[in-house]
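The following exercises concern a predicted model.

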Amino acid sequence: MALSRDIVLEALSRVIDPELRKPVTELDMVRDIEIKGNDVRVTIALTVAGCPLRNSFEEQVAREVGELPEVASVALAFDVMTPDERAALTSKLRGGRPETDEKSIQVDDTTRVIAVASGKGGVGKSTLTVNLASALSALGRRVGILDADIYGHSIPHMLGISQKPVLVDRMMIPPVAHDLKLMSIGFFLDDNAPLMWRGPMLHRALEQFLQDVHWGDLDVLVVDMPPGTGDVSISLGQMLPRAEALVVTTPQLLAQEVASRAAEMAKKTGMQLLGVAENMTSEVFGSGGGQRLADELGVRLLGQVPLNADLREAGDIGVPLVVSDPESESAQAVFEIAQAIDATRAAGFTQKLTLVS
Ligand SMILES: Nc1ncnc2c1ncn2[C@@H]1O[C@H](COP(=O)(O)OP(=O)(O)OP(=O)(O)O)[C@@H](O)[C@H]1O
Ligand SMILES: [Mg+2]
């Protein structure tokens with residue numbers, strides 16, 4: 001068969017923008033296709049000049065187009081979208097909806113929002129966030145992570161992501177690692193960290209930040225919340241529609257104290273309490289704190305994650321333990337929690353839970 005533009009386009013429909021997760025053909029990124037005999041030259045228009053996805057496109061085009069039987073060679077060139085093309089793209093990504101003024105996170109009605117919260121810092125919230133997200137992803141869910149802990153923001157490091165999100169007009173595109181989309185407040189903090197993340201500007205800055213992220217199609221968004229129940233947590237919680245709180249505790253934390261804070265937070269933000277996860281269960285720290293907290297809150301203990309250096313080391317390397325060693329005891333404990341969370345959806349998790357405060 002003679003090589004034609006249609007054959008090349010068909011092959012390009014299998015070239016997926018890794019962040020937007022849509023074919024380049026659908027995103028109108030194919031600028032040009034030149035065919036000379038059996039040699040093809042494709043030009044792809046990137047959203048922005050410094051787009052970090054070039055390698056991925058090169059590899060995919062070489063594979064999808066280069067391996068067509070009719071093709072002898074394929075060359076890929078890059079161009080950059082014009083402002084008009086970018087505007088058309090952002091409007092397409094919004095599904096034709098106009099930019100909203102809604103002061104909350106922009107996710108579909110079907111996306112579950114799981115807020116990983118704790119009464120206190122250092123209990124393993126971030127570690128559980130990345131591993132739980134990875135476990136949900138392994139169970140077949142499309143998962144995003146929002147690192148909203150303005151004091152910690154350690155998630156980019158735990159996922160090995162160092163590049164900043166691509167900004168298309170005002171739309172922020174979350175970078176992807178281990179099949180997880182990530183947006184972190186940490187991407188926008190550098191040495192001269194803007195003061196807007198503090199004080200009276202904080203609420204507005206959070207709104208802006210949440211509103212401008214393009215999450216695309218997600219089944220679950222896992223949010224690493226700031227610790228405690230201060231203004232930041234409350235402000236943020238109010239911007240997360242239908243969020244379900246997973247309360248993380250260590251075995252030795254005072255159940256009553258954590259429970260009353262969690263309940264207060266849920267009440268002020270309209271969150272439902274999903275359950276409790278106990279972390280760092282061990283002979284030294286003991287166990288049982290999670291169950292006491294769950295009883296106190298009137299919710300289920302969804303699992304206990306043992307104290308294990310593997311979890312910390314995996315976080316340091318930038319690959320979640322659930323990905324690098326899914327069979328390990330700690331990863332299995334996280335999978336159990338992920339399955340329990342998944343099961344609550346299957347059970348039609350809609351009614352408001354009674355809060356004990
Ligand atoms: N089950 C575990 N076993 C061993 N180490 C763990 C475990 N869970 C977390 N850690 C380690 O404990 C430290 C604190 O965990 P992490 O950063 O996840 O907690 P956090 O609640 O997010 O803390 P912060 O309040 O600082 O944000 C990290 O060094 C992490 O690697
Ligand atoms: Mg943290």
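**Exercise 1. The ligand shell**

Which of the 21 residues around ligand 1 come nearest? Determine also which elements supply the shell, and its make-up by class.

Solution. 
Step 1. The residues that come nearest to ligand 1 are G121, G124, T127, G152 and R312.
Step 2. Assign the shell to secondary structure. Two or more residues each are given by α4 (125-138), β12 (272-281) and α10 (309-317).
Step 3. Helix α10 gives the most, with four residues.
Step 4. Sort the shell by class. Around ligand 1 there are eleven polar, seven nonpolar and three charged residues.

**Exercise 2. The open sheet**

State the strand order of the eight-stranded open sheet, and explain why one side of β8 and of β13 is left without a neighbour in the sheet.

Solution. 
Step 1. The order reads β8-β9-β5-β10-β4-β11-β12-β13, and the pairing is mixed.
Step 2. β8 (176-177) and β13 (301-306) stand at the edges and have a single partner strand each, so each has one side with no neighbour in the sheet.
Step 3. Turn to β5 (residues 143-147), which runs parallel to β9 (residues 180-184) and is joined to it by five bridges. Five bridges also join β5 to β10 (residues 220-224), again in the parallel sense.
Step 4. D147 stands opposite S184 in β9, and opposite D224 in β10.
Step 5. Continue to β4 (residues 112-118), which pairs with β10 in the parallel sense over five bridges. Here V116 stands opposite D224 in β10.

**Exercise 3. The faces of β5**

Decide whether the residues on the two faces of β5 are buried or exposed.

Solution. 
Step 1. In a regular strand, side chains alternate between the two faces of the sheet.
Step 2. Separate the residues accordingly: V143, I145 and D147 lie on one side, G144 and L146 on the other.
Step 3. Apply the criterion for a buried residue, namely 20 or more other C-beta atoms within 10 Å of its own. Five of the five residues of β5 are buried, and both faces are therefore covered, taking that criterion for burial.

**Exercise 4. The nonpolar core and the domains**

How many residues does the largest nonpolar core have, and which have the most contacts inside it?

Solution. 
Step 1. The largest nonpolar core has 104 residues, and A115, V223, A245 and A262 have the most contacts inside it.
Step 2. At least three of its residues come from each of domain 1 (5-93) and domain 2 (112-346).
Step 3. Examine V223. Beyond its neighbours within four places in sequence, V223 is in contact with V113, I114, A115, V116, L146, A148 and L240.
Step 4. Compare with the general expectation: in soluble globular proteins, nonpolar side chains tend to be buried together.
Step 5. Describe the domain pair. The centres of domain 1 and domain 2, taken over C-alpha atoms, are separated by 35 Å. Their contact takes 13 residues from domain 1 and twelve residues from domain 2. On the side of domain 1 that touches domain 2 there are eight nonpolar, two polar and three charged residues.

**Exercise 5. A hairpin**

In what sense do β1 and β2 pair, and over how many bridges?

Solution. 
Step 1. Strand β1 (residues 30-36) and strand β2 (residues 39-46) pair in the antiparallel sense, with six bridges.
Step 2. Locate one bridge: E34 has R41 in β2 as its partner.
Step 3. Inspect the turn. Two residues lie between the strands of this hairpin, and G37 in the turn has a positive phi of about 65 degrees.

Key: Residues numbered from 1 in each chain as written. Chains lettered and ligands numbered in written order. Predicted model: local features only at pLDDT ≥ 70, side-chain atom pairs only at ≥ 80, totals over all residues. Core = buried A, V, L, I, M, F, W, Y, C linked by C-beta atoms within 7 Å. Buried ≥ 20, exposed ≤ 12 C-beta atoms within 10 Å, placed from the backbone. Domains from an automatic or database assignment. Contact = placed C-beta atoms within 7 Å. Pairing = 2+ DSSP bridges. Near = placed C-beta within 6 Å. Nonpolar A, V, L, I, M, F, W, Y, C, P; charged D, E, K, R; others polar.
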